[in-house]
Amino acid sequence: MRDFTLDIYKKLISAAQNGGYRLIGYDDFATNKFPSEKVYILRHDVDAIPFNSVATAKTESEIGARGTYYFRIVKQSNVPKAIEAIANLGHEIGYHYEDLALQHGNYERAYEEFQNNLAYFRKYYPVNTICMHGSPMSKWDNRKIWERFDYKKHGIIAEPYFDTDFRNVLYITDTSRRWNGDKYSVRDKVNGLQANFSKTAELIKLLEDQMLPNTIMQNIHPQRWTNDFVSWTSELILQNIKNKIKQVIAK
Ligand SMILES: [Zn+2]
């Protein structure tokens, strides 16, 4: 079975559910909505190809799961029909901010744009969580804007990189098109619990065997999860090139 298809994604989230986890959005976690349950946070960074996110959102809704979709302001992510479709399924919409990189390190302008963009996404959903976009090719780390300003002034209750205690939450991400892609990742990494696997089939097995911690945050980029062979192959080739570049930057 090919990895990173919608078919294997469905197997993955079903395995989490069968392993006793409740599949929730990041807002549910941040508000501690299910305090006495095993929870599996479904986070999605919609970096590009937003209709692939509509597909994962539908797949999740089919099994009664809820997740969070972080949209960027740039046109390859920000497509109103996709945002509306995902919000209508009951998932959380959040803002995947990159204002500092887009404004080339101008903090004042970035903060102004952050507020404008947040207001824009709130036309579609009452956004109350945000998450940085890694901008691996940019020298600006988007999180640094919060050294000078405070997102909590804007009705934002949580940002995963600041408001999650990863000593108690296992963080798993498909960044770089492999699980545990730490050495390829420029910014999408945390200090905390670790699990050892690189293929989705291995993750499914660990979930089925109940070998993982009680709280997990899974982050995926739905652009790479597709059954369509042509776009699946182009994502594979493109990511191999990107990983070579990112491996150099990460060092
Ligand atoms: Zn991103």
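**A walk from strand S6 to the zinc site**

Strand S6 sends Leu170 and Ile172 one way and Tyr171 and Thr173 the other, and all of them are buried. In a regular strand, side chains alternate between the two faces of the sheet. The model is a predicted one.

S6 has a partner in S7. The two strands run parallel and share four bridges. Across that pairing, Ile172 stands opposite Gln218 of S7.

Follow the chain out of S6. Asp174 sits in the loop between S6 and H8. Is Asp174 buried or exposed? Asp174 has a relative accessible area of 0%, so it counts as buried, the cut-off being under 20%. Its side chain makes a polar contact of 2.7 Å with the side chain of His221. Leaving out residues up to four places away in sequence, Asp174 touches Phe4, Trp179, Asn219, Ile220, His221, Arg224 and Trp225.

Arg224 comes next. This residue belongs to the loop between S7 and helix H9, which spans 229-250. Arg224 is buried too, at 4% relative accessibility. Beyond residues up to four places away in sequence, Arg224 touches Phe4, Asp174, Thr175, Ser176, Arg177, Trp232, Glu235 and Gln239.

Now turn to helix H8. Its buried residues are Thr200, Leu203, Ile204 and Leu207. Viewed down the axis of H8, these buried residues fall within an arc of 100 degrees, so they line one face of the helix. They pack against H1, S2, S6 and S7. Just past the end of H8, Gln210 adopts a positive phi of about 55 degrees.

H1 covers residues 6-18. Its 13 residues reach 18 Å from first C-alpha to last, close to the 18 Å expected at 1.5 Å a residue. Buried in H1 are Leu6, Ile8, Tyr9, Leu12, Ile13, Ser14, Ala15 and Ala16. What do they pack against? Their partners are the strands S1 (22-24), S2 (39-46) and S7 (215-220), together with the helices H3 (50-62) and H8 (200-208). After H1 comes Gly20, with a positive phi near 95 degrees.

Strand S2 holds Arg43. Arg43 is buried, with a relative accessible area of 0%. Two polar contacts involve its side chain. One, of 2.9 Å, joins it to the side chain of Asp45. The other, of 3.4 Å, goes to the side chain of Asn219. Arg43 and Met217 are 174 residues apart along the chain, with their C-alpha atoms separated by 7.0 Å. Setting aside neighbours within four places in sequence, the contacts of Arg43 include Thr68, Tyr70, Cys131, Tyr171, Met217 and Gln218.

The last stop is the metal. Which residues coordinate the zinc ion? Asp47 (OD), His96 (NE2) and His133 (ND1) do, at 2.1 to 2.2 Å. Along the chain these donors follow the spacing D-x48-H-x36-H. Asp47 lies in the loop between S2 and H3, while His96 lies in strand S4 (residues 92-97), so this pair ties together parts 49 residues apart in sequence. Asp47 is buried, with a relative accessible area of 13%. His96 is buried as well, at 1% relative accessibility.

Methods: Residues are numbered from 1 along each chain as its sequence is written. This is a predicted model: local features need pLDDT of at least 70, side-chain atom pairs count only at pLDDT 80 or more; totals for chains, interfaces and linings use all residues. Side-chain values use heavy atoms; hydrogens and water are left out. The expected span of a helix is 1.5 Å times one less than its number of residues. Buried means under 20% relative accessible area, exposed over 50%, partly exposed in between (1.4 Å probe, protein chains only). Contact means heavy atoms within 4.5 Å. Donors are N, O and S atoms within 2.8 Å of the metal (3.2 Å for Na, K and Ca); water is not among the atoms, so sites may look incomplete. The arc is that of the directions from the helix axis to the C-beta atoms. Two strands pair if DSSP finds at least two bridges between them. A polar contact is a pair of N or O atoms within 3.5 Å; within protein, one must be able to donate a hydrogen and the other to accept it, and residues adjacent in sequence count only if both atoms are side-chain atoms.
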